[in-house]
Number of protein chains: 2
Amino acid sequence: MKRENLVYSEEIKEILLKKGIAPSFQRIKIYEYLISHRVHPSAERVYIDLVGFIPTLSRTTVHSTLNLFADKGMARRLFIDGNLVRFDIDSSDHMHFKCTKCGEVYDILKSSPKVTSPEHKVLSGEMYLYGICKKCKEE
Amino acid sequence: MKRENLVYSEEIKEILLKKGIAPSFQRIKIYEYLISHRVHPSAERVYIDLVGFIPTLSRTTVHSTLNLFADKGMARRLFIDGNLVRFDIDSSDHMHFKCTKCGEVYDILKSSPKVTSPEHKVLSGEMYLYGICKKCKEE
DNA sequence: TCCATAATTTGTATTTATTACAATGTTGAA
DNA sequence: TTCAACATTGTAATAAATACAAATTATGGA
């Protein structure tokens with residue numbers, strides 16, 4: 001393994017430890033995948049792309065790890081698709097846009113509108129946008 | 001069947017015909033269910049609640065009818081839950097709030113914020129809010 | 001170092017939502 | 001009335017996610 005990757009892994013180890021998560025090989029690799037593939041992948045996408053590197057990897061591990069990251073506030077679950085959960089390692093305040101032609105999900109780097117309700121206690125919000133992405137427009 | 005329901009059905013027939021949808025018994029009943037049960041039900045919820053009245057009803061019919069309504073712009077698909085699609089017969093511009101305690105989904109009668117992007121062509125948007133609902137707060 | 005225990009991963013089975021599809025039933029126009 | 005088009009049904013298939021127990025790995029104390 002290249003030196004950069006080792007350094008990378010060391011940094012990720014500390015991030016996980018700070019969140020109280022034991023930095024296992026699988027968890028480090030999944031975290032590393034998320035920060036280097038910013039396409040809001042589904043669990044299946046993560047599994048398919050990593051099982052080549054980690055032949056013993058199981059889908060269950062991917063699911064439980066992604067859920068662990070989400071529950072610890074290190075990743076966001078996106079429901080922009082319906083019928084499948086996508087994960088975004090960037091938990092900062094921003095919106096998401098899905099191209100209805102190619103299916104790609106992009107970040108929209110604006111903070112989500114703050115909405116309140118006179119009745120309910122609103123704790124968080126998500127804004128999903130739909131349309132045609134830059135690439136598909138140009139074709 | 002009571003007279004009111006018959007009148008009701010007549011009105012729904014016309015609504016469906018105007019949208020180019022043949023007003024079959026099942027479609028009328030599903031439409032009627034949606035306008036009288038404003039809880040953003042899933043297909044399964046609609047099926048369970050209607051199969052008592054229509055013993056021959058099948059899940060496939062419910063799914064295809066709800067998808068038909070959505071595709072014709074008569075209903076909205078809500079992805080507020082992840083892993084299951086909810087339907088809202090009110091396709092006017094408003095937001096949705098899900099109580100993370102009881103799971104209920106409420107309407108928030110404000111129009112969704114209009115968001116644009118310098119890159120992509122944004123055609124529509126959905127805002128989902130999460131928190132504790134009025135009922136659960138009071139307990 | 002060795003062992004016991006806890007934590008993690010794995011693989012299989014199950015659950016749940018949805019769609020595919022063919023067979024059956026219904027309807028409306030010629 | 002007849003027939004073709006459309007709608008409904010039921011079964012099977014697909015897909016995402018979870019449950020769970022067995023296997024593996026890591027950890028800390030003697």
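Student: How many salt bridges are counted between chain A and chain B?
Tutor: The count is 0, a salt bridge being a Lys or Arg side-chain nitrogen within 4 Å of an Asp or Glu carboxyl oxygen. This is a predicted model, in which local features need pLDDT of at least 70 and side-chain atom pairs pLDDT 80 or more, while totals for chains, interfaces and linings use all residues; side-chain values use heavy atoms, without hydrogens and water. Residues are numbered from 1 along each chain as its sequence is written, and chains are lettered from A and ligands numbered from 1 in the order in which they are written.

Student: How many residues of chain A are in contact with chain B?
Tutor: On chain A there are 32, and they touch 32 residues of chain B (contact: heavy atoms within 4.5 Å).

Student: What area is buried there?
Tutor: About 2800 Å² between chain A and chain B, with 64% of that from carbon and sulfur atoms. Buried area is the accessible area (1.4 Å probe) lost when two parts are put together, summed over both.

Student: Which residues of chain A lose the most area to chain B?
Tutor: A:Phe79, A:His120 and A:Tyr130, which together give 21% of what the chain A side buries.

Student: Changing topic, what helices and strands does chain A have?
Tutor: Chain A has 5 helices and 5 strands, taken as DSSP runs (H or I, at least four residues; E, at least two) and numbered from the N terminus. From that end the order is α-α-α-α-β-β-β-β-β-α. The C-alpha trace of chain A spans about 50 × 45 × 25 Å along its principal axes.

Student: At what angle do α3(A) and α4(A) pack?
Tutor: Helix α3 (residues 43–50) and helix α4 (residues 59–71) of chain A pack at about 130°, with axes 9 Å apart. Axes are lines fitted to C-alpha atoms, for helices over the stretch in contact, and angles run from 0 to 180 degrees between N-to-C directions. α3(A) and α4(A) are therefore oblique to each other (under 35 degrees is roughly parallel, over 145 roughly antiparallel, 65 to 115 roughly perpendicular, the rest oblique).

Student: Which residues make that contact?
Tutor: From α3(A), A:Ala43, A:Glu44, A:Val46 and A:Tyr47; from α4(A), A:Arg59, A:Val62, A:His63 and A:Leu66.

Student: And what about α2(A) with α3(A)?
Tutor: The axes of helix α2 (residues 25–36) of chain A and α3(A) come within 11 Å and cross at roughly 110°. α2(A) and α3(A) are therefore roughly perpendicular. α2(A) brings A:Lys29, A:Ile30, A:Tyr33 and A:Leu34 to the contact, and α3(A) brings A:Arg45, A:Val46, A:Asp49 and A:Leu50.

Student: How do the axes of α2(A) and α4(A) cross?
Tutor: At roughly 70°, coming within 10 Å. α2(A) and α4(A) are therefore roughly perpendicular to each other. Residues in the contact include A:Ile30 and A:Leu34 of α2(A) and A:Val62 and A:Leu66 of α4(A).
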